[in-house]
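Hi,

Here is the structure I promised to pass on. Have a look at it first, and then read on for what turned up.

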Amino acid sequence: MKKIFLPSIVLSLTLFLSCGKEKTEITNNTPAIAVKVSGISADNNSPFVTASGKIEAENSANVSTRMMGYITKVHVKVGQKIGAGQLLVSVNNTDLQAKKAQVDASILQATAAFNNAKKDYDRFTALFNQQSASQKELDDMTSRYEMAKAGLEGAKQMRNEVMAQFSYSNITAPFSGEVTNTFVKEGDMANPGMPLVSIEGASRLQVTAMVSESDITSIKNGMSVKILVKSTNQELSGKVSEVSGSAKNTGGQYLVKINLNTTGSKVLSGMFVNVQFPVANQIQTSTKQSGKVLIPESALVKQGQLTGIYTIGSGNTAILRWLRIGKSFGNQVEVLSGLSSNEQYIVSAEGKLYNGAKVSIQ
């Protein structure tokens, strides 16, 4: 009985090991994914500090009104070229017409009272010179004359106030340019301060960029910069015109404005750009001093709220490593934790990577 049982165990163990060996061989024969591996980059080859920005018109305004009323007519359309002083929007001004009529009647009444008071004043002045009127009578006529004169001046100023209100019922363009948006249509109610039409000057364009606190001290007015338009891949040139000295209202970054030297018809307001400031690359210096780890943004793997990167494990396998990401520096991002400066990572792959996939380094 023992002789029969022992060979059975040996046979079963041999079959089990053979199956395991066969599975291992199948797994190892899986084609490896060709990948490119890179070390930690500090953007050593770039002599510029890069910042993201947007093209805007040098002159832009959201035109509004100070009075409340119904919109009677919108005289312009989006994309229309306009000149300074051109009528944009008309607001119902029936109440102003009534006030104007009342003020005109008040002026007529004040004018009549002034003319009558002036005649009495001239008459009593002559009588006083002839000693036919007392000083008290002349003083009374003088006071009446001055009051009538002040009343007439007040009525005229009231008319000036009403006429000034008419300029807010007929909204005109403050400068030449192009209509970029209309916020109302005929029949809408206009309220004080509510934007009606948005216009931008067509004369010059500028770039507004946000610069980090580590680079802002090296950027000066008049500095020549290069601008790369992302959508058209066009390179422009410009000069720094304004540098903000505070980041209180801009989320910890500093506002820099650049005037464009020349632009083509393909460059439009609202396009996003990359601005290259000719400043000695401070990323490299700060990386050496503070141990910053910078990796290309294209190498990141995002799954929901998690961000990671594939590293090379033992046996040339892809290992997914979750990271904590910091600030961006152009097309690179700072790794706060999850990757050390002496580790390699996968930059690109010729197939779909997954955790544990075999890879071949090119």
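A quick definition before we start: buried means under 20% relative accessible area, exposed over 50%, and partly exposed in between (1.4 Å probe, protein chains only). Helices (H or I, at least four residues) and strands (E, at least two) are DSSP runs, numbered from the N terminus. Please keep in mind that this is a predicted model, where local features need pLDDT of at least 70, side-chain atom pairs count only at pLDDT 80 or more, and totals for chains, interfaces and linings use all residues. Residues are numbered from 1 along each chain as its sequence is written, and side-chain values use heavy atoms, with hydrogens and water left out.

Let's begin with strand 12, residues 224–229. Val225, Ile227 and Val229 make up its covered face, while Ser224, Lys226 and Leu228 are on the uncovered one. In a regular strand, side chains alternate between the two faces of the sheet. As for neighbours, two strands count as paired if DSSP finds at least two bridges between them. Strand 12 runs antiparallel to strand 13 (residues 234–243), joined by 6 bridges, and Val225 sits opposite Gly238 there. The two strands make a hairpin with 4 residues between them, and Asn233 in the turn has a positive phi of about 55°. Strand 12 also pairs with strand 15 (residues 272–277), again antiparallel, over 4 bridges; here Lys226 faces Gln276.

Next, an open sheet of 4 strands, in the order 7-6-4-9 with antiparallel pairing. Strand 7 (170–172) and strand 9 (189–190) are at the edges with a single partner strand each, so one side of each has no neighbour in the sheet. Strands 4 and 9 are joined by 2 bridges, and Tyr70, which belongs to strand 4 (residues 69–74), stands opposite Met189 in strand 9. Those two residues come up again at the surface: Met68, Tyr70 and Met189 form a nonpolar patch with about 320 Å² of accessible area together. (Areas come from the Shrake-Rupley method with a 1.4 Å probe; for residues, only the protein chains shown count as cover. Patch residues have over 30% relative accessible area and no salt bridge, with like charges joined within 9 Å and nonpolar side chains (Val, Leu, Ile, Met, Phe, Trp, Tyr) within 5 Å. A salt bridge is a side-chain nitrogen of Lys or Arg within 4 Å of a carboxyl oxygen of Asp or Glu.)

Last, the aromatics. Rings of Phe, Tyr and Trp (its six-membered ring) pair if their centres lie within 6.5 Å; planes under 30 degrees apart are stacked, over 60 edge-to-face, and the rest tilted. That rule gives 2 aromatic pairs. Tyr121 and Tyr145 are stacked, at 5.0 Å centre to centre and 10° between the planes. Tyr121 is in helix 2 (residues 94–129) and Tyr145 in helix 3 (residues 135–166), so the pair ties together parts 24 residues apart in sequence. Tyr121 is partly exposed at 25% relative accessibility, whereas Tyr145 is buried at 13%. Together with Phe114, they form one aromatic cluster.

Cheers
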